[in-house]
Amino acid sequence: MDKSTAIIKRLNQLGMTARADICGRDCTSFKIGGRIGVFFEPASWEELKCGIDIADETGYRYFVIGKGSNLLIPDEGVDAMLIKPRGALAEFEIVGERLLAGAGASLAAVAKASVKAGLAGLEWAAGIPGTVGGAVAMNAGAYGGEIKNVIKRVEILKDGAPQWREVADDDMSYRRSRFSYPEELVLQAEFELSADDGHAAERMRDHNEKRRAKQPVELPSAGSTFKRPEGYFAAALIEDAGLKGLSVGGACVSPKHAGFIVNTGGATCADVLALMDKVRECVYNKFGVMLEPEIRLIK
């Protein structure tokens, strides 16, 4: 029995959900990638800890992927445990102006619920397809809003138990957070919102309309392909380099928004990586700016 099969059997015997029939194309927004060694869906922090302990005992790698909205999985798959929190780890509640959300909760659902509850501060996030945990780990942002502006505390799994951490001013910056794997493993986040000024729903609708009009939401992608270089915008550099529509296999620089590489059908991980290399080389040769990937490749 190989290691992944033994781990799945052990987790299943303990009443937890673990499978071997999931591929990268099944669990990522890019719809790309081969078979996952162990696909684990813990429903509580205790289950999460147990799964991680088993992986550590056997020397098996693990990654928390949430909804897989910022990930690229190799075509040959990955021999590792990919963790998608569910159950209690994906729930959220709103009490007054405080919002408490599990790492596996949908960021878009949380944002929409906050606006419905008469709160403001997360309406910019209503179209982001990731989870709360992923948003905290990368300090997600859009339309002038950022997680760092509304987050108060983060609960992490530390030394085998949940621990709350107050968020300091320097804990988060552009697409960076101290609360990111493997240094920290987010369980929950507490947000401090404000009373609606009467226009939160309108702002949310405007943001979503802009997203649908300007971004290729109709095709699989992993969101913005590259981080914003200091003093520039990645999409503008790519467009000015004449790269809109450039393709490798089924991967294409979106003609709608140059900041996105999309899967036009049957794209492979190799296609995406080759296209990213071409884009980075062209932009560097033309503008002297080296683009840094925002997409995370799990090897």
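This report walks through the overall build of the protein, one of its sheets and its nonpolar cores.

The model is predicted, so to speak of local features a pLDDT of at least 70 is needed, side-chain atom pairs count only at pLDDT 80 or more, and totals for chains, interfaces and linings use all residues. Residues are numbered from 1 along each chain as its sequence is written, and side-chain values use heavy atoms, leaving out hydrogens and water.

**Overall build**

The protein has eight helices and 21 strands; these are DSSP runs numbered from the N terminus, with helices (H or I) of at least four residues and strands (E) of at least two. Its radius of gyration is 20 Å, close to the 19 Å that the globule rule gives for 299 residues, so the protein is as compact as a globular protein of that length. That radius is taken over C-alpha atoms, and the rule is 2.2 Å times the number of residues to the power 0.38. Here are some whole-protein values.

| Property | Value |
|---|---|
| Span of the C-alpha trace along its principal axes | about 55 × 55 × 30 Å |
| Residues that count as buried (under 20% relative accessible area, 1.4 Å probe, protein chains only) | 48% of 299 residues |
| Accessible surface (Shrake-Rupley method, 1.4 Å probe) | about 13,600 Å² |
| Part of that surface on carbon and sulfur atoms | 49% |

Strand β2 (residues 36-41) runs antiparallel to β1, and three bridges join the pair. In β2, F40 is the bridge partner of A18.

Contact means heavy atoms within 4.5 Å.

**Nonpolar cores**

A nonpolar core is a set of buried Ala, Val, Leu, Ile, Met, Phe, Trp, Tyr and Cys residues joined through side-chain atoms within 4.5 Å. The largest one has 33 residues, and L122, V132, V136, I147, I151 and F191 have the most contacts inside it. Its largest share, four residues, comes from α4. Leaving aside neighbours within four places in sequence, V132 is in contact with residues including A101, L107, V110 and F191. Another core, of 24 residues, lies apart from the largest one and has L243, V248, A258 and V289 among its members.

Notes:
Pairing = 2+ DSSP bridges. Buried < 20%, exposed > 50% of the residue type's maximum accessible area, 1.4 Å probe, protein only.
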